[in-house]
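Please keep the sequence and the model in view while reading.

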Amino acid sequence: MAVTWEESVEYSINTVYLLFSAYLVFVMQLGFAMLCAGSVRAKNAMNIMLTNVVDAVVGSISYYLFGFAFAFGTNSNPFIGASFFALQDVPNSDYDYSFFLYQWAFAIAVAGITSGSIAERTQFSSYLVFSFFLTGFVYPVVAHWVWSSTGWLSPSATSPFLGSGAIDFAGSGVVHLVGGIAGLWGAAIEGPRVGRFDAFGKPVVMRGHNATLVVLGTFLLWFGWFGFNPGSFDKILVSYSSTSNQGNWTAIGRTAVTTTLAGSMAGVVTLFGRRLLVGHWDALDVCNGVLGGFVAITSGCSVVEPWAAIICGLVSAWVLIGLNILALKLKFDDPLEAAQLHGGCGAWGLIFTGLFAKEEFIIQVYDSGESGVSRPYGLLLGGGWALLGSQVVEILSIVVWVSLTMGPLFYMLGWLKLLRTPVDDEIAGLDISSHGGYAYHSHAEEHHSRRYGIGDYLRLQGETS
């Protein structure tokens, strides 16, 4: 059946919107790269930049071959998809290439989160293994649970879990909690970097070498988040039957506003909170605080009022600050604070949605504003426990699933001596030990550390062999 001219225009506009959103999300890879490079010491800058490239290229192949099928395959069950391997039978009536590209941009972001947790001490070959496995299997299974219409936690399922399903609109749990828990296991199994804690167990500051790159990366991620959250509507030309002048275009604008407010509030609270705790204004902490607010609002960005986003950001800042203090007490070393930021703030974001989601907005997002429909909504707004219960179940399910898959993988890599880099290589720097030279021609390491040249490294290798 031939489509009408009006339908062609509608399809074209929706496709352009989704592709543009995909490009914005992909820009976040550049933001991750800048943030990671600035957050590590100069002697490891080339290594962390290359791992970001590897996450993208390896993840692309893995998601193309297996990941998309496991996430959105239609011949499937509530646990995992089972069709569309290597994009066979795509495009079809459900999915086209633009949808695949958008979901691919999400998938490769997950591996980037995990890479940050294990930075500065990990063998390069292990990145190839866990990026392929995480992007091609672990993450897609969770995406199927929540985002596929046949998933057991999906709010779009025929019979939603607890009558509600879990609302994780853009992935506080599906993306960020998955990446954060994977990073938690990687960093815990590897152990802290050499010198991170002294002989008495007290933390030693290892600041990143370039605050400019951290701030640049933060703003690039902020820019990309406007594709991450508002773009998750997939279509912009969807009108709501219960109103005469509202549609997805209205909700998309609201989603961009809630995203901005949550990140901004988190940044302000972190600015003053850290000032009270450490006695100075810390730009790097504020950047992570802003990102924590974005992570938290990602779950409920489309279904909460702007005032609620302020609360989301306020709490997420203290969640991150508290988890960072706890990490130091437990001697847990995460150079990017990725496990605390993406894991902790992602979990809070899911709970926040269960408390503050508005029924009107939920019906708009998941039922196109259809009249006469009712759904469970936020507990604090009078919507009962069903939605909050679904959110908690999603958190627990993700923690268990990622722990059962990524934990053994990291343990096996460690047992095979493929995970942690040798001590001499770590001290010399991964750039010189693994990549043939430093990222900068004029390499200035911390004042208390000497610079190793290629001759020094080869001499050390000769002495230890």
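A crossing of two helices is called right-handed if the near helix is turned clockwise from the far one by less than a right angle, and left-handed if it is turned anticlockwise. The model discussed here is predicted, and in it α2 passes α3 in a crossing that is right-handed.

**The α2 and α3 pair**

- The axes of helix α2 (residues 45-72) and helix α3 (residues 97-117) come within 8 Å of each other and cross at roughly 130°, which makes α2 oblique to α3.
- On the α2 side the contact includes Ile-48, Asp-55, Tyr-63, Phe-68 and Phe-72, while the residues that α3 brings to it include Phe-99, Gln-103, Trp-104, Ile-108 and Ser-115.
- Taken together, the residues of the contact of α2 with α3 divide into twelve nonpolar, five polar and one charged.

**The loop between α2 and α3**

- Val-90 and Pro-91 are joined by a cis peptide bond, with omega at about 10°, and Pro-91 lies in the loop between α2 and α3.
- Ala-86, which is also found in the loop between α2 and α3, has a positive phi of about 55° although it is not a glycine.

**The cavity**

- The count comes to one cavity of 30 Å³ or more, and about 110 Å³ of space lies in the largest cavity.
- Its lining is made up of 15 residues, of which Phe-32, Leu-35, Leu-336, Ala-338 and His-342 lie nearest the centre, and the elements that give two or more residues to this lining are α1 (5-39), α3, α6 (211-228), α8 (283-297) and α10 (338-356).
- By residue class, the lining of the largest cavity divides into ten nonpolar, four polar and one charged.

- The largest pocket has a volume of about 1,300 Å³, and of the 40 residues that line it, Tyr-95, Phe-99, Phe-233, Asp-234 and Lys-235 lie nearest its centre.
- Two or more residues of the lining of the largest pocket come from each of α1, α3, α4 (124-147) and α11 (359-367), and the lining as a whole divides into 16 nonpolar, 17 polar and seven charged residues.
- The second largest pocket holds about 890 Å³ of space and is lined by 34 residues, with Arg-196, Arg-207, Arg-274, Asp-285 and Glu-337 nearest its centre.
- α1, α7 (248-278), α8 and α9 (306-329) each supply at least two residues of the lining of the second largest pocket, to which α9 gives the most, with eight residues.
- The lining of the second largest pocket divides into 16 nonpolar, eight polar and ten charged residues.

Definitions and conventions
Residues are numbered from 1 along each chain as its sequence is written. This is a predicted model: local features need pLDDT of at least 70, side-chain atom pairs count only at pLDDT 80 or more; totals for chains, interfaces and linings use all residues. Side-chain values use heavy atoms; hydrogens and water are left out. Axes are lines fitted to C-alpha atoms, for helices over the stretch in contact, and angles run from 0 to 180 degrees between N-to-C directions. Helices (H or I, at least four residues) and strands (E, at least two) are DSSP runs, numbered from the N terminus. Angles under 35 degrees count as roughly parallel, over 145 as roughly antiparallel, 65 to 115 as roughly perpendicular and the rest as oblique. Contact means heavy atoms within 4.5 Å. Ala, Val, Leu, Ile, Met, Phe, Trp, Tyr, Cys and Pro count as nonpolar, Asp, Glu, Lys and Arg as charged, and the others, Gly among them, as polar. On a 1 Å grid over the protein atoms alone, a cavity is a set of points where a 1.4 Å probe fits but cannot get out, and a pocket is an open set with protein on both sides within 12 Å along at least five of seven lines; lining residues have an atom within 4 Å of a point. Grid points are joined across faces, edges and corners, and a volume is the space filled by probe spheres set on the points.
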